[in-house]
Number of protein chains: 2
Amino acid sequence: MKGIELIPVEGFPEVRPGDGLAEMVADAVGDVLRSGDVLVVTHKVMSKAEGRLVDLRSVEPSALAKEYASRWGKDPRQIEVVLRESRRIVRMDRGVVISETRHGFVCANAGVDASNVPGGDTVCLLPVDPDGSAAKLREALKKQLDIEVPVVVSDSFGRAWRFGITDIAIGVAGMDPLADYRGQNDPHGYPMEASVLAVADELAAAAELVMGKTDGVPIAIVRGYAYGRGAGSGRDLLMPPERDMFR
Amino acid sequence: MKGIELIPVEGFPEVRPGDGLAEMVADAVGDVLRSGDVLVVTHKVMSKAEGRLVDLRSVEPSALAKEYASRWGKDPRQIEVVLRESRRIVRMDRGVVISETRHGFVCANAGVDASNVPGGDTVCLLPVDPDGSAAKLREALKKQLDIEVPVVVSDSFGRAWRFGITDIAIGVAGMDPLADYRGQNDPHGYPMEASVLAVADELAAAAELVMGKTDGVPIAIVRGYAYGRGAGSGRDLLMPPERDMFR
């Protein structure tokens, strides 16, 4: 097996609502991107281009948001946005809301985030349809650059039982996000029944290593990874409710 | 920022209990490894070298192991080994045991694994002290190759709410496994209060992309990652019980 390169795309401009993200990405990666690469894009630039920003001054907090925020010293308007972005609360303690978003992600604060957003009173939401955002960018790059690459949309999530956040894939287009070894045998002939690898999550995590949090690098190219061709989506990475032992 | 290379170490021989792992690793990476690299090693080669293998024919299952195995069509001896490797059961359903190991990892089947182990009746346990195993390998490589590199010991863990496994760091030596951005501001001046990145987990995940499950690549080199110098350990990646919302 050959090695893999993780290439940061530097100098990407600040994205504003309504910006043509595909053109901006094409400009930024046009000289570098090759067929066979995987493009990893943090959701924040997609959310911004899609106008998924909320001015907190326009938000009227509910009774629950007010109560919870006052108890934990949080901004009630931000808690309200989190509640609105949730379809089910999983845990609510210590000022944190861990909930299931409408997409089915279980994460802290429903993916609502005030970092890397201009304006002190603005928060950023997850894209409405991260798979759709990935597919749209993939199609646009194909048209503009004549290169077909998988697109992985990433976000930083916490994990149960482990400290620290890692980047994972919330949207996927143009590749199978899973590498399924079930039915294959290991080199000793043992069937690998539990071996389904969430490779799109691993690609997102790998890409984060060249992005950093303060460097303004929202895009990375993964070169040399033999991704599984297939029409998978980020939804394949959600635990089906009937198999979920932690609902 | 420069890019990162993920380099698989191919042709690594099968490891047997009592083998001198450090010599084997030094032989395998001596021509490639450079100062500044991070070495990622799957725990399985360490477990094997350390004799952390159990012949199931020597295991007498307890009543609980028999009961649970018979209900779900599992091997009662393997369930018994899982129970013995656990200090607390978190979930026990559908043939799976999710437990906290003596190290403090919460994972499926206490890390007990029958894949990639020779002999149909043998299972592999996690190293007794993965941080110690990492430190020992790091020290030995320093002596033999005169190169000082961080060592990350990896394993594949499942995640709550997400489908598929990813590689994470169960042992770390020679680097800070976390990149802590708390107290820093983002490019817009917003304080990044929640931003502690579990970079050792991301390094393990990245390395998995060049390892694969059936390719017999238990070691990878990460080149070009500016890791945090420091005396961190894999324990830093465990959620402290008092902050754990999913106990």
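Q: Which residue of S9(A) stands opposite Val152(A)?
A: This is a predicted model, where local features need pLDDT of at least 70, side-chain atom pairs count only at pLDDT 80 or more, and totals for chains, interfaces and linings use all residues. Residues are numbered from 1 along each chain as its sequence is written, while chains are lettered from A and ligands numbered from 1 in the order written. Strands are DSSP runs of E, at least two residues, and helices are runs of H or I, at least four, numbered from the N terminus. In S9(A), the residue opposite Val152(A) is Val172(A).

Q: How many bridges join S8(A) to S9(A)?
A: Two strands pair if DSSP finds at least two bridges between them. S8(A) spans residues 151–159 and runs antiparallel to S9(A). The bridges joining them number eight.

Q: Which residue in the turn between S8(A) and S9(A) has a positive phi?
A: The two strands form a hairpin with two residues between them. The phi in question is about 70°. It belongs to Trp161(A).

Q: How many of the 12 residues of S9(A) are buried?
A: Buried means 20 or more other C-beta atoms within 10 Å of the residue's own; exposed means 12 or fewer, and partly exposed lies in between, with C-beta atoms placed from the backbone. S9(A) covers residues 162–173 and is mostly covered. Its buried residues number 11.

Q: Which residues touch the most other members of the largest nonpolar core?
A: A nonpolar core is a set of buried Ala, Val, Leu, Ile, Met, Phe, Trp, Tyr and Cys residues joined through C-beta atoms within 7 Å. The largest one has 141 residues. The residues touching the most other members are Leu203(A) and Leu203(B).

Q: Which residue of chain B does Leu203(A) touch, not counting residues up to four places away in sequence?
A: Contact means C-beta atoms, placed from the backbone, within 7 Å. Within chain A, Leu203(A) touches Val38(A), Val40(A), Val152(A), Ala169(A), Val222(A) and Tyr225(A). Across in chain B, Leu203(A) touches Leu209(B).

Q: What rotation superposes chain B on chain A?
A: Copies are superposed by least squares on C-alpha atoms of residues with pLDDT of at least 70 in both. The shift along the axis is 0.0 Å and the RMSD is 0.0 Å, with a rotation of 180°. That is the relation of a two-fold axis, so the answer is 180°.

Q: Which element gives the most to the side of chain B that touches chain A?
A: In this interface, 61 residues of chain B are in contact with 60 residues of chain A. Elements giving two or more residues from chain B include S1 (4–9), S4 (86–93) and S9 (162–173). With nine residues, the top contributor is H6(B).

Q: Why do the copies meet through the same surface?
A: Compare the interface residues of the two chains. The copies meet through the same surface because the share of chain B interface residues that are also interface residues in chain A is 98%.

Q: Which residue of S1(B) is the bridge partner of Leu6(A)?
A: S1(A), residues 4–9, runs antiparallel to S1(B). Three bridges join them. The partner of Leu6(A) is Ile4(B).

Q: Is Ala198(A) buried or exposed?
A: Ala198(A) is found in the loop between S11 (196–197) and H6 (199–211) of chain A. Its contacts include Pro177(A), Leu237(A), Phe163(B) and Ile165(B). Because Ala198(A) has 27 C-beta neighbours inside 10 Å, it counts as buried.

Definitions and conventions:
Contact = placed C-beta atoms within 7 Å.
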